[in-house]
Amino acid sequence: MPGPVTLLDGGMGQELIRRIGVPPKPLWSTWVMMERPDLVEAVHREFVEAGAEVLTLNTYSATPRRLGRHGAADQFAALHGAAVAIAKRACIGAGRPVRLAGCLPPLENSYRPDLAVPEDTALTEFAELCAMQAPYVDLFIAETMAAKTEAVAATRAAAATGLPIWTALTVDDDDGTRLRSGEPVVEVAEAVVEAGASALLLNCSRPEAITAGLTHLAGFGVPFGAYANGFTGVVPLGPNQPVDVLKARLDLDPAAYADHVDGWIASGATVVGGCCEVGPAHIAEIARRLQPQAAL
């Protein structure tokens with residue numbers, strides 16, 4: 001395997017759904033952060049114990065646009081402050097460095113390139129997210145970017161802070177060489193590198209699709225990698241539709257998922273991890289296979 005490899009965490013949301021014991025509602029992941037911070041901290045901590053070297057803040061749904069849609073815009077600062085405090089507590093006692101990544105998600109909805117915010121507006125809104133998170137994180141991950149305009153805006157906003165920005169694109173589950181918008185991975189990768197991306201990733205798509213698209217990230221002079229989901233597939237989610245409409249695959253246990261990751265690393269990936277339905281046990285299996293490689 002080419003090395004060294006940086007190991008990300010896995011999917012926070014699906015782990016919380018399993019542990020909270022009630023069906024998720026809109027903004028449930030922000031609600032649980034305020035009402036049950038112990039659950040969020042426990043998941044973060046388990047990812048660290050599994051071997052993750054980077055934790056991503058649990059602020060995926062805490063964009064001003066999404067919060068405002070549910071009358072919770074006034075909770076923006078409090079939610080980000082809670083996310084930072086919870087993640088930092090989870091790192092205590094790790095006995096090794098663990099980096100915090102700021103989270104720049106789709107501003108409106110996941111898997112909906114048709115709802116992507118125009119680039120100028122998106123740049124302003126991503127800059128607001130960056131300003132809130134930048135003092136407390138080591139890097140940013142712009143993740144699950146389904147359209148070029150939003151990916152470029154998120155990258156530009158994060159790059160302006162001076163922190164590294166790793167831009168993660170979500171690809172079509174049937175054609176991993178294209179984003180969910182239909183735009184070619186190569187075209188979008190080139191645009192985000194020009195915008196300041198310091199690493200290129202594919203995420204929140206089936207691992208088979210990611211395998212097909214991953215080599216299209218090579219050749220841009222920056223590290224590349226991937227973190228897949230464990231869904232059977234995704235459907236375009238409505239503005240108030242919870243993620244529990246998506247179904248988990250039964251064939252992606254830790255060993256099977258790590259087999260996919262092994263292939264990505266063999267193809268040159270140096271940043272790997274997991275997204276939705278990829279839990280601490282999956283990350284632990286990847287970490288076991290990476291030994292004795294040292295982290296970046």
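Residues are numbered from 1 along each chain as its sequence is written. In this predicted model, local features need pLDDT of at least 70 and side-chain atom pairs count only at pLDDT 80 or more, while totals for chains, interfaces and linings use all residues; side-chain values use heavy atoms, with hydrogens and water left out.

**View 1. Glu46 pairs up with Arg19.** This is one of 22 salt bridges in the structure (a side-chain nitrogen of Lys or Arg within 4 Å of a carboxyl oxygen of Asp or Glu). The closest N and O atoms of Glu46 and Arg19 sit 2.9 Å apart. Glu46 belongs to helix α3 (residues 37-50) and Arg19 to helix α1 (residues 12-20), so the pair ties together parts 27 residues apart in sequence. Helices here are DSSP runs (H or I, at least four residues), numbered from the N terminus.

**View 2. A network around the Glu46 and Arg19 pair.** Salt bridges link Glu15, Arg18, Arg19, Glu46 and Glu277. Glu46 is partly exposed at 30% relative accessible area, and Arg19 is partly exposed too, at 29% (buried is under 20%, exposed over 50%, partly exposed in between, with a 1.4 Å probe and protein chains only).

**View 3. Asp173 meets Arg180.** Their side chains form a salt bridge at 3.5 Å, N to O. Asp173 counts as buried, with 16% relative accessibility, and so does Arg180, with 17%.

**View 4. Arg289 meets Asp262.** This salt bridge spans 2.6 Å, N to O. It links distant parts of the chain, with Arg289 in helix α11 (residues 280-290) and Asp262 in helix α10 (residues 254-266), 27 residues apart. Arg289 is partly exposed at 22%, as is Asp262 at 21%.

Notes:
Helices (H or I, at least four residues) and strands (E, at least two) are DSSP runs, numbered from the N terminus.
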